[in-house]
Amino acid sequence: MDNVKSIRPFIGAADFETSQRFYRELGFKEIELANGFSVFKTGNFAFYLQDAYVKDWIDNTMVFMEIENVPAFYQQLKALNLPEKFPGVRVLPVHEMEWGRECFLHDPSGILWHFGEFY
């Protein structure tokens with residue numbers, strides 16, 4: 001496993017166009033790869049968004065993204081007003097844990113994003 005360069009999860013979307021707009025608004029750069037299939041990038045991190053919705057899969061999908069300075073990132077998330085722009089989106093405040101801290105974001109399909117930093 002010494003050759004690993006990245007990991008890119010595949011996530012689905014209940015409404016692909018809404019999810020595209022959401023992730024662009026969040027700050028990711030989109031590269032459309034095919035009809036209903038895009039890669040979203042920021043820095044060295046990327047994930048694939050596909051026009052596929054299976055309720056049990058989406059309801060159980062979580063992505064953890066390690067970031068610096070969770071409180072500052074949370075303030076940036078709040079400033080985007082995503083819940084007002086995208087139905088179903090929720091931004092949850094910073095939680096302190098023994099290992100670090102994180103805040104949470106539910107995307108328009110219900111996928112739960114964890115944005116965290118380790119102590």
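View 1. In helix 1 (residues 16–26), the buried residues are F16, T18, S19, Q20, F22, Y23 and L26; buried means under 20% relative accessible area, exposed over 50%, and partly exposed in between (1.4 Å probe, protein chains only). Helices (H or I, at least four residues) and strands (E, at least two) are DSSP runs, numbered from the N terminus. The model is predicted: local features need pLDDT of at least 70, side-chain atom pairs count only at pLDDT 80 or more, and totals for chains, interfaces and linings use all residues. Residues are numbered from 1 along each chain as its sequence is written, and side-chain values use heavy atoms, with hydrogens and water left out. An α-helix has 3.6 residues a turn, so residues three or four places apart point the same way. The N-terminal end of helix 1 is capped by D15, which places a side-chain oxygen 3.2 Å from the backbone nitrogen of E17. After helix 1 comes G27, with a positive phi near 115°.

**View 2. The open sheet with strand order 1-4-3-2**. This sheet has four strands, and its pairing is mixed; two strands pair if DSSP finds at least two bridges between them. Strand 1 (10–12) and strand 2 (29–34) are the edge strands, each pairing on one side only. From one strand to the next, the twist averages 30°; axes are lines fitted to C-alpha atoms, for helices over the stretch in contact, and angles run from 0 to 180 degrees between N-to-C directions. Three bridges link strand 1 with strand 4 (residues 45–50) in the parallel sense. I11 has L49 of strand 4 as its bridge partner.

**View 3. The open sheet with strand order 5-8-7-6**. Four strands make up this sheet, again with mixed pairing. At its edges are strand 5 (62–66) and strand 6 (90–96), each of which pairs on one side only. The twist from one strand to the next averages 20°. Strands of a sheet pair through backbone hydrogen bonds, either parallel or antiparallel. Strand 5 and strand 8 run parallel and are joined by five bridges, with M62 opposite L112 in strand 8. Strand 6 and strand 7 (residues 100–106) run antiparallel, also with five bridges, and here L92 stands opposite F104.

**View 4. Strand 8 and the hairpin it forms with strand 7**. Seven bridges pair strand 7 with strand 8 in the antiparallel sense. F104 has H114 of strand 8 as its bridge partner, while L92 of strand 6 is the residue opposite F104 in the other pairing. The hairpin has five residues between the strands, and G110 takes a positive phi near 110°. Strand 8 is largely enclosed by the rest of the structure, because six of its seven residues are buried.

View 5. Residues up to four places away in sequence aside, E117 touches I67, N69, V70, P71, W99, G100 and R101; contact means heavy atoms within 4.5 Å.

**View 6. Positive phi at N69 and N81**. N69, one of the residues touched by E117, lies in the loop between strand 5 and helix 3 (70–79). The phi of N69 is near 60°, a positive value in a residue other than glycine. N69 is partly exposed, at 40% relative accessibility. N81 is placed in the loop between helix 3 and helix 4 (82–85). Its phi is near 55°, also positive in a residue other than glycine, and N81 is partly exposed at 38% relative accessibility.

**View 7. M65 in strand 5**. M65 is buried, at 11% relative accessibility. Neighbours within four places in sequence aside, M65 is in contact with F28, T42, F45, W113, H114, F115 and G116. The C-alpha atoms of M65 and K78 are 17 Å apart, and the two residues are 13 residues apart along the chain.

Technical notes:
A polar contact is a pair of N or O atoms within 3.5 Å; within protein, one must be able to donate a hydrogen and the other to accept it, and residues adjacent in sequence count only if both atoms are side-chain atoms.
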